[in-house]
Amino acid sequence: MAGRFAPRPPRATVHGGIPRQAPAPGRVRVWVPDGPLDLGLVLGPLRRGPGDPTFRTMPDGSVWRASRTPAGPGTLRVTARGGEIRGEAWGPGAEWLLEQLPRMLGAEDDPSAFVPRHRLLAFTAHRRPGLRLARTGLVLESLIPSILEQKVTTLEAYQAWRLLVRKFGEPAPGPAPGRMCVMPTARTWALIPSWEWHLAGVDNKRASTILRAVRVAARLEEAAGMEPAAAQERLELVSGIGPWTSTETVQRSHGAPDAVTVGDLHLPGIVGFALGGDRYTDDAGMLRLLEPYAGQRHRAARLVLLSGRVPERRAPRMAPRGIERL
């Protein structure tokens, strides 16, 4: 039973009497944001489910991320104390992750540009002053899980991401919490056998889209330096990537404040219910309600979701299809 016994102290040696080496110290960067910042709100959208091997939140409030950067794999630990943000990183990608740390935490985001015109949004923005829009600068790490989330339940998508990253990724560098992994390289994604996609519950359509994307991975990563709209156009040149997937990607890779998701099963009804009292709102109706927030529509939708004002469920959750059992 959890908490019944005191944890066993870690062993100082391994088999053969060889002392266990302590992890090498990481590179450190301290950054002071120009306003309130909530790590959970900023970095939360980067986590793909509670079992995401690339993301971990610890009891002390620190957030760990394992990423594949242009310089190689890296692990980043972020903590917030007394208005300061401390980043510590390990691995070949450590320097790149620390250089990108302020941008990832919303340094280039401007919350003051959002002017609430609805009482619910004004109240939520007041209650959540630490909301910033993260910008990772990495396209593929947001694109692949977004493709996995096409036309399936979130539980199915999260499971597929977890299984594939743990099986084909590599251990996160440094003293990362147990079983954290860096996602596979583009080449490794391309070499995953068809039966492994099947065992992870990924149908041929989504697997084929990922394979087409990783074959042009370098060109897609170049989109990180483009404006969000131009980046979406480049992503949508890949067959199987549409507006829903490209938007979900640039929201994270670019911190795009106006990239509102269309084609989502639930979002139009949630926004319609919160801002217009109509749970059956479609994409066109959602865009009309968000029109006063042009330039900040993604932030407005995030605030709606954070408000907790959602319509009551009127049907059971969609059951996972479980194609891996076929």
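## The largest cavity

Let's start inside the protein: the largest cavity is lined by 14 residues, and Leu46, Thr54, Arg65, Glu141 and Trp161 lie nearest its centre. This is a predicted model, in which local features need pLDDT of at least 70 and side-chain atom pairs count only at pLDDT 80 or more, while totals for chains, interfaces and linings use all residues. Residues are numbered from 1 along each chain as its sequence is written, and side-chain values use heavy atoms, with hydrogens and water left out.

A cavity here is a set of points, on a 1 Å grid over the protein atoms alone, where a 1.4 Å probe fits but cannot get out; lining residues have an atom within 4 Å of a point. The volume, about 110 Å³ for the largest cavity, is the space filled by probe spheres set on the points, which are joined across faces, edges and corners. Strand S3 (63–69) and helix H5 (140–148) each supply at least two lining residues, with S3 giving the largest share, 4 residues. Helices (H or I, at least four residues) and strands (E, at least two) are DSSP runs, numbered from the N terminus. By class, the lining splits into 5 nonpolar, 3 polar and 6 charged residues; nonpolar covers Ala, Val, Leu, Ile, Met, Phe, Trp, Tyr, Cys and Pro, charged covers Asp, Glu, Lys and Arg, and the others, Gly among them, are polar.

The structure holds 2 cavities of 30 Å³ or more.

Thr136 is worth a look of its own. You'll find Thr136 in the loop between H4 and H5, and at 3% relative accessibility it counts as buried (under 20% relative accessible area; exposed is over 50%, partly exposed in between, with a 1.4 Å probe and protein chains only). Leaving out residues up to four places away in sequence, Thr136 touches Leu46, Arg65, Trp96, Glu141, Arg252 and Ser253, where contact means heavy atoms within 4.5 Å. The Thr136 side chain also reaches the backbone nitrogen of Leu138 at 3.2 Å.

## Helix H4

Which residues of H4 (119–127) are buried? They are Leu120, Leu121 and Thr124. They cover an arc of only 95° around the axis, which puts them on the same side of H4; the arc is that of the directions from the helix axis to the C-beta atoms.

The buried residues of H4 pack against helix H13 (267–276) and helix H15 (297–307). On the face turned away from the buried side sit the exposed residues Arg119 and His126.

Conventions. A polar contact is a pair of N or O atoms within 3.5 Å; within protein, one must be able to donate a hydrogen and the other to accept it, and residues adjacent in sequence count only if both atoms are side-chain atoms. On a 1 Å grid over the protein atoms alone, a cavity is a set of points where a 1.4 Å probe fits but cannot get out, and a pocket is an open set with protein on both sides within 12 Å along at least five of seven lines; lining residues have an atom within 4 Å of a point.
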